[in-house]
Amino acid sequence: MWILPLVGYIGVILGFGFLTLAIASGLYYLSELVEEHTVLAKKLLTYLIYIVVAIQFLLAVIDRFPISLSLLSIFSHVVYAGNLRRFPIVKLSDPLFILSCILVLLNHYLWFQHFSLPPSLPPTSRTNRYVTPDLPTFTEIASYFGLCVWLVPFALFVSLSAGENVLPSMGSEYATGDGVGARAAGGGDRGDGKGKKRQGMAKAVVDGVREWVGETGQLMGLWKGERRRF
């Protein structure tokens, strides 16, 4: 067969493209909601961190998850909660934000290694060949990664606003690095109305990709005149 495999490849490419657009649209919409309801979003993120920490504790006590990895996950979520102290503003050079990014990758790697290793049988069952280990299913592992490893970092990525996307205002000196004296010496920019609106990091990423695709398409001659918006 020659045509059917080609149709299959085309279907996979189109499906991946539609999936990517759906995820980008969802991120954009969620970022818009967070911008409109920052107080509610902060409360939901705080409760979400408490719930994940409780789940980690129950998994360690009842399901005998590794104590060291469970403590690492709990500590990681405590660090994630520290990013909410000036919600929704975050400074990309903040050591706490950098540590959060490192902990996300570290948690994913260590838990992936844990679930990849074969489970160890209790000493009383090693001589009994009819005893089989209680292996977690793929659904259970995927659900654990989605809820306990990636959910809070993903929610923070959608909710937080990078310093360069913050409108100069009271309290924004933390993110922008501009003090009151610096604004006074420079004359300020309140009167010209050209301040940047606060924008979530996820929304900024989507806008950046959209701008890049538009500029690239114009340079390649896919469309002419004014840059296309889509």
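Student: Hi! How do the axes of helix H1 and H6 cross, and within what distance do they come?

Tutor: In this predicted model, the axes of helix H1 (residues 3-36) and H6 come within 8 Å and cross at roughly 70°. Axes here are lines fitted to C-alpha atoms, for helices over the stretch in contact, with angles from 0 to 180 degrees between N-to-C directions. Helices (H or I, at least four residues) and strands (E, at least two) are DSSP runs numbered from the N terminus.

Student: Which orientation word goes with H1 and H6, then?

Tutor: H1 and H6 are therefore roughly perpendicular to each other. The classes are roughly parallel under 35 degrees, roughly antiparallel over 145, roughly perpendicular from 65 to 115, and oblique for the rest.

Student: Which residues make that contact?

Tutor: From H1 come Leu-27, Leu-30, Ser-31 and Val-34, and from H6 come Phe-154, Val-158 and Ser-159. Contact means heavy atoms within 4.5 Å. By class, the contact of H1 with H6 has five nonpolar, two polar and no charged residues. Ala, Val, Leu, Ile, Met, Phe, Trp, Tyr, Cys and Pro count as nonpolar, Asp, Glu, Lys and Arg as charged, and the others, Gly among them, as polar.

Student: Before I go on, what are the ground rules for the model?

Tutor: It is predicted, so local features need pLDDT of at least 70 and side-chain atom pairs count only at pLDDT 80 or more, while totals for chains, interfaces and linings use all residues. Residues are numbered from 1 along each chain as its sequence is written, and side-chain values use heavy atoms, with hydrogens and water left out.

Student: Good. What about H2 and H5, how do their axes cross?

Tutor: The axes of helix H2 (residues 38-61) and helix H5 (residues 138-149) come within 9 Å and cross at roughly 135°. H2 and H5 are therefore oblique to each other. Val-52, Ile-55, Gln-56 and Leu-59 in H2 meet Tyr-144, Leu-147 and Cys-148 in H5. That contact divides into six nonpolar residues, one polar and no charged.

Student: Which residues touch the most other members of the largest nonpolar core?

Tutor: Tyr-80, Phe-87, Trp-111, Tyr-144 and Leu-156, out of 27 residues in that core. H2, helix H3 (67-82), helix H4 (95-116), H5 and helix H6 (151-159) each supply at least two of its residues. A nonpolar core is a set of buried Ala, Val, Leu, Ile, Met, Phe, Trp, Tyr and Cys residues joined through side-chain atoms within 4.5 Å. Buried means under 20% relative accessible area, exposed over 50%, and partly exposed in between (1.4 Å probe, protein chains only).

Student: New topic: is His-77 buried or exposed?

Tutor: His-77 counts as buried, at 2% relative accessibility, and is found in helix H3. A polar atom of its side chain lies 2.8 Å from the backbone oxygen of Ser-73. Setting aside neighbours within four places in sequence, His-77 contacts Ile-49, Val-52, Val-53, Cys-148 and Val-152.

Student: And Ser-76, buried or exposed?

Tutor: Ser-76 is buried, with a relative accessible area of 1%. Beyond neighbours within four places in sequence, Ser-76 is in contact with Leu-103 and Asn-107.

Student: Last one: how many helices and strands are in the chain?

Tutor: Nine helices and two strands, following the pattern α-α-α-β-α-α-α-β-α-α-α along the sequence. Of the 230 residues of the chain, 28% count as buried.

Conventions: Polar contact = N/O pair within 3.5 Å; in protein donor to acceptor, adjacent residues only side chain to side chain.
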